[in-house]
Amino acid sequence: MKILYVSDVYFPRINGVSTSIRDFRKALSTLGHEVHLVAPQYDLGETTEAHIHRIPSRVVLIDPEDRMMRMSPLRALDEVLQRECFDLVHIQTPFIAHHAGVRLARRILGVPLVATFHTHFEEYLAHYVPVAPKPLLRWLVRRFTRRQARDLDALVVPSSAIQSLLEGYGVTTPTRIIPTGIDLQRFRGGEGLRFRSRLGISAQTPVMLFVGRLAHEKNIGFLLRVLKQVRRSVPKTQFIIAGEGPATASLRRSVTELRLHNAVHIVGNIPERDDLLDCYRAADCFAFASCTETQGLVLLEAMALGVPVIAAAILGTRDILNPQRGAIVPELNEDAFSAAICRVLTQDTLHARLSREAWSYVREWSIDATAARMNELYLDVVAAHGAPREAFAETAVYDRSAN
């Protein structure tokens, strides 16, 4: 099958959507699919890759890390894409990519259309448009989501919590829970002492870690306050924060205000695979307090390298964390979080058990397993193309009891 992905983001922009696209393209290719991608051009020295169509773009003012594809060059690609004879279009983001994907699937290619709901925009926009009343934002996001969902033959959601969220919005498009799996081949090896030495951290020093986009909705400021409490019981504890984003300046101010400048290392993005593995291996625990995740891939990455996780099971992270294998799930308050982290940092037996559990548990979340589920979805969507949606929704692939 030949599949066209359309996305408003991709590498070198580092986030969960980029990772999901890369890993699914690779895994689906092993199943015999050829997955093309239409994505923005960043002019940041991105390498040329087969079947990736880069579209000239402009900076998004409210988020300079992102790019907005220009419509004229996007439309100029129509003839090229038409010659490829695609079987299906899969939209990855809800902005320019959504409108382009609908136009390509319905008017140009005449093929079925699928989308993945990657981002919980109701909470996201509350941080980036703080002057707007929350009830208004909620109404706009829900109306926007329902309208876009009506364009689709099927909707992929990464977790059961997101499926319930969309049902609450009034979305009636058939949905299927297919999380982004983790490419276990990418998470082998790593040398923690090497990364620690770069930061001047000794082998015996307790280390917390956060990896991800430094965005306000990630609740990293909460983790800084938790660190302040942790250091009262485990005074030498250090906190590595890996990533970049719009909250970076705010976090640096918080570090100064909390007098944690000797304990926090904000190291930026880590694009090199070996360096990222070293970073994870340098940690004694991975701390995560975001309330807006649709899944939480970084939790799986940490687990794949045997790093115990202390995280809030809220929204999309619940499916990963609810079994509490390789993880502790405290209440989202500073006392509970700091107590859990102190236990992991000071109790060797507990740390060893969580590390073993994490490494074993993450095998259930491999990209090969989730790509097989995506393959089933694609086959059923293509087979049902043109049939009434009601009949399609009743097929076995959408039986929620199977999830």
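**Stop one: the second largest cavity**

The second largest cavity has a volume of about 30 Å³. A cavity here is a set of points, on a 1 Å grid over the protein atoms alone, where a 1.4 Å probe fits but cannot get out. Its volume is the space filled by probe spheres set on the points, joined across faces, edges and corners.

This is a predicted model: local features need pLDDT of at least 70, side-chain atom pairs count only at pLDDT 80 or more, and totals for chains, interfaces and linings use all residues. Residues are numbered from 1 along each chain as its sequence is written, and side-chain values use heavy atoms, with hydrogens and water left out.

Select Thr19, Arg22, Asp23, Gly181, Ile182, Asp183, Phe187, Leu297 and Glu301. They form the lining (residues with an atom within 4 Å of a point). Now colour α1 (16-30) and α12 (297-304), which each give two or more residues to this lining. α1 gives the most, with three. Helices are DSSP runs of H or I, at least four residues; strands are E runs, at least two; both are numbered from the N terminus.

Colour by class next: three residues are nonpolar, two polar and four charged. Nonpolar means Ala, Val, Leu, Ile, Met, Phe, Trp, Tyr, Cys and Pro; charged means Asp, Glu, Lys and Arg; the others, Gly among them, are polar.

**Stop two: the largest cavity**

Move to the largest cavity, with about 250 Å³ of space. Select Pro94, Thr116, Phe117, Thr145 and Gln148, which lie nearest its centre among 18 lining residues. Show β7 (113-116) and α6 (134-149); each supplies at least two lining residues. α6 gives the most, with five. This lining has 10 nonpolar, eight polar and no charged residues.

Terms used. 1 Å grid on protein atoms, 1.4 Å probe; cavity = no way out; pocket = protein on both sides within 12 Å on 5 of 7 lines; lining within 4 Å.
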